[in-house]
Amino acid sequence: MSHRRLIPADATSHSRIVGAVHSAILGAMLGAIFAAAQPAPAQSGNLTLPSSIEAGGAFSVTSSGSGKGTLYIVGLGQAIKREVQLGETTVFAAGTLYNAGNYQVILIGDGTDVTESLAVKPAAQPADVSFLAKPSRLPVRLQGGITGAVYVFDAYENLITAPLPVNFDLTGPAGGTQTRTVISRDGAAWAEMNSTDHQGNDKFVARIGNVSSARIIGQVPGDPCGLKMTASPNRGEVKLETAPIRDCSGNAVPDGTVVTFTEAYNGLESTVDVPIKRGIAEVEMPAHSGAVISVASGVVMGNQIRWERQ
Amino acid sequence: MNIKGGMLAVLLGGATVVLVIIGTLSPVPAARAYAGGEGIMPSPTTPELAVRNLAGAIKARAWGRAYDSLGNKAEFSEEEFEHDITGYYPSLRTYATLDHFDVRPLRASDNDADIRLNIYWSTVVGVSSSSRDLHVVRNGDRWQADWPIVKKPMVPPQVIPVNYLRWDVIYPGPGDDWGAQSVEAPHVRIIDMHPVQRAEGVVILGELLNEDVVPAYVSVNATLLSKSQTPIASEGSFDKISHILLPKQVTPFLINFPDAQLSDVGSIRMTPFSTLVPASADPVIAIDNAHLNPAPNASLTGELINQSGQVVNVAHVLGTFYNNTGQVVWVADEYIDRALLPQTPAKFDIHIPEDLAHSISSERTVVSSYSSEGML
């Protein structure tokens, strides 16, 4: 008895990508809302802060004036409130703001109402990749049959939209490697690869700097090639047996693949669908003198035999 | 008003009681038959009546009464008689009910007659018909039918080595690290598709190939689109397809669009569906002596031979018919309502529409099988 386990190769967290897209949309909406609700220029005092920081980076906000105030930093998925002393510098430690996007920095105090914007950009260094590899199983010798798509994230799972070189390496069962280098665009990069001649498992790796992700792609034999059978008498019947069935690259077609034997005689026809066992298909059919026997598998035809009385 | 109403109620109640008493003491034959009463059939004074009485008892599943009415009951037991009708092993017939029957005299003399009994069974997959030719003999003033029993086929004792192939599938479980992963669906391909206009509507014929190395559960849906590309109707192949396809196996399919007109159709959207399922390569069923019989009564006949050692409870035969250019011109099917025993031929007879018979030059037959591995 033969058991087969079918294990897929493709894997990714779609939710993270979808979340990033949702975050971007939410950020844009929040920006628009705050822009529309932005108060008149501050009556007194102002804010000094960087126009942009890297996600997770430390930063400081300096206000002018005197007295007490409240500082709000509002963005997508994060809101920070700090009581501050006007005229002093407030320091935000590393890791305080980690979701990339546009933030509104609002200072409200006695007679003070100031709003500034702060852009939090993804970190430059990739820390994670989501790697989609399709399909998990395909026939050998298929040009462009394998597709790999990568989404690049920083340590805080922000999509890094800056262009980055992504290496795709596909190592076949025989050891040869196909390599593609693609510059990511808007956080994504993809490449097509060819399946090789040999059945077995490919290792498909996407690498950006020191970060990599691997998937396994199963290469399976293609259609039978040169399907050939022989016939011999056997206890009043005709025994039909194929030669070991292989595809055009020489890979053994897997057991269980159906081979159809058809015998036509005197206007009648007998047909048997036989699964390959141990590399060959065999069957016994009635021996009719003058019968024409043919063999096929799927859409592939094999040879024909005319059976004469033995 | 109240007095009149009371009188009416009393009258109605009295009438009901009287009718119940009459019906109990002297029921009509049909009511007695449905109630399973004994001695309700008319005396079998003619050959046809004897056969009708027998069929009526079979319909009522009154096996004892049917068996007692037979002239040749000494040749077999009541249990054999019952199993000859309902099947020796679980099959479509086991759960079927006799829907209706008709009798046709073939020959008659003063002392004996031959009567053909056509029985129409209601099964879970539709009507299934069977026919038996009964010899009826006169016994005094009564006629008795001889039941042409088909005894349980005896398969010679033997050992059939089974080294069958089987595919198991591990699906991702909840909370599994695989998360959004899943096993890839088998790759299937429609290798032929051909819409035709029939009197009953549009029919889409075609063939589907499992081009993968794993077994597939398949079905095909089609959507008719108008010339402005708006959907007209969607239908599926239902059971006019072999749902389980082993690697490189081909199945025909037929999709019916009742009352649709091909002239209204601008294009057709075909949607093959496949999913990975556990499957076994056994049993292997051979199709033997397949023959295209020309019109009139065009049909594809042949025999199924179960080459495995297990009982196949239900077999579904699908015939694909091609014209001389190799194009599919029709797909038809038949369920075998008897279990297929190992190495025992079972006949099939697939009807072909008369108007298409002349254009058919070749055929291809496939068999789907279902085994419960249970026995009566």
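Two strands are said to pair if DSSP finds at least two bridges between them. With that definition in hand, the reader may turn to the structure, which is a predicted model.

In chain A, strand β4(A) and strand β7 (residues 101-109) run antiparallel and are joined by six bridges. Within this pairing, Gly69(A) faces Gly109(A) of β7(A). Strand β4(A) also has an antiparallel partner in strand β5 (residues 78-85) of chain A, with eight bridges between them. Here the residue opposite Lys68(A) is Gln85(A) in β5(A). The hairpin formed by β4(A) and β5(A) has two residues between the strands, and Gly77(A) in this hairpin adopts a positive phi near 80°.

Chain A as a whole comprises one helix and 23 strands. Of its 310 residues, 38% are buried. Among the contacts in chain A with a separation of 6 or more, 61% are between residues 24 or more positions apart.

Chain B has six helices and 19 strands. Its radius of gyration is 27 Å, well over the 21 Å that the globule rule gives for 376 residues, so chain B is more spread out than a compact globule. Along the principal axes, the C-alpha atoms of chain B fill a box of roughly 75 × 70 × 55 Å. Buried residues account for 34% of the 376 residues in chain B. Of the contacts in chain B between residues at least 6 apart in sequence, 65% link residues at least 24 apart.

One helix of chain B, α5 (residues 78-86), contains the buried residues Phe81(B), His83(B) and Ile85(B). The cover over the buried residues of α5(B) includes helices α3 (47-59) and α4 (63-68) of chain B. Just after α5(B), Gly87(B) has a positive phi of about 105°.

Chain B also holds an open sheet of three strands in the order β17-β16-β19, with antiparallel pairing. The edge strands, each pairing on one side only, are β17 (328-336) and β19 (362-370) of chain B. From one strand to the next, the twist averages 15°. Strand β16 (residues 314-322) of chain B is paired with β17(B) in the antiparallel sense over eight bridges, and Thr320(B) stands opposite Val331(B) in β17(B).

The final topic is the nonpolar interior. In soluble globular proteins, nonpolar side chains tend to be buried together. The largest nonpolar core of this model has 101 residues, and those with the most contacts inside it are Phe261(A), Val51(B), Leu304(B) and Ala315(B). If residues up to four places away in sequence are not counted, the residues that Leu304(B) touches include Ile285(B), Ile287(B), Ala315(B), Val317(B), Ile336(B), Leu340(B), Phe348(B) and Val367(B). There is also a second, separate core of 23 residues, with Leu132(A), Phe168(A), Leu170(A) and Phe204(A) among them.

Conventions:
Residues are numbered from 1 along each chain as its sequence is written. Chains are lettered from A and ligands numbered from 1 in the order in which they are written. Helices (H or I, at least four residues) and strands (E, at least two) are DSSP runs, numbered from the N terminus. Axes are lines fitted to C-alpha atoms, for helices over the stretch in contact, and angles run from 0 to 180 degrees between N-to-C directions. The radius of gyration is taken over C-alpha atoms; the globule rule is 2.2 Å times the number of residues to the power 0.38. A residue is buried if 20 or more other C-beta atoms lie within 10 Å of its own, exposed if 12 or fewer, and partly exposed in between; C-beta atoms are placed from the backbone. Two residues are in contact if their C-beta atoms, placed from the backbone, lie within 7 Å. A nonpolar core is a set of buried Ala, Val, Leu, Ile, Met, Phe, Trp, Tyr and Cys residues joined through C-beta atoms within 7 Å.
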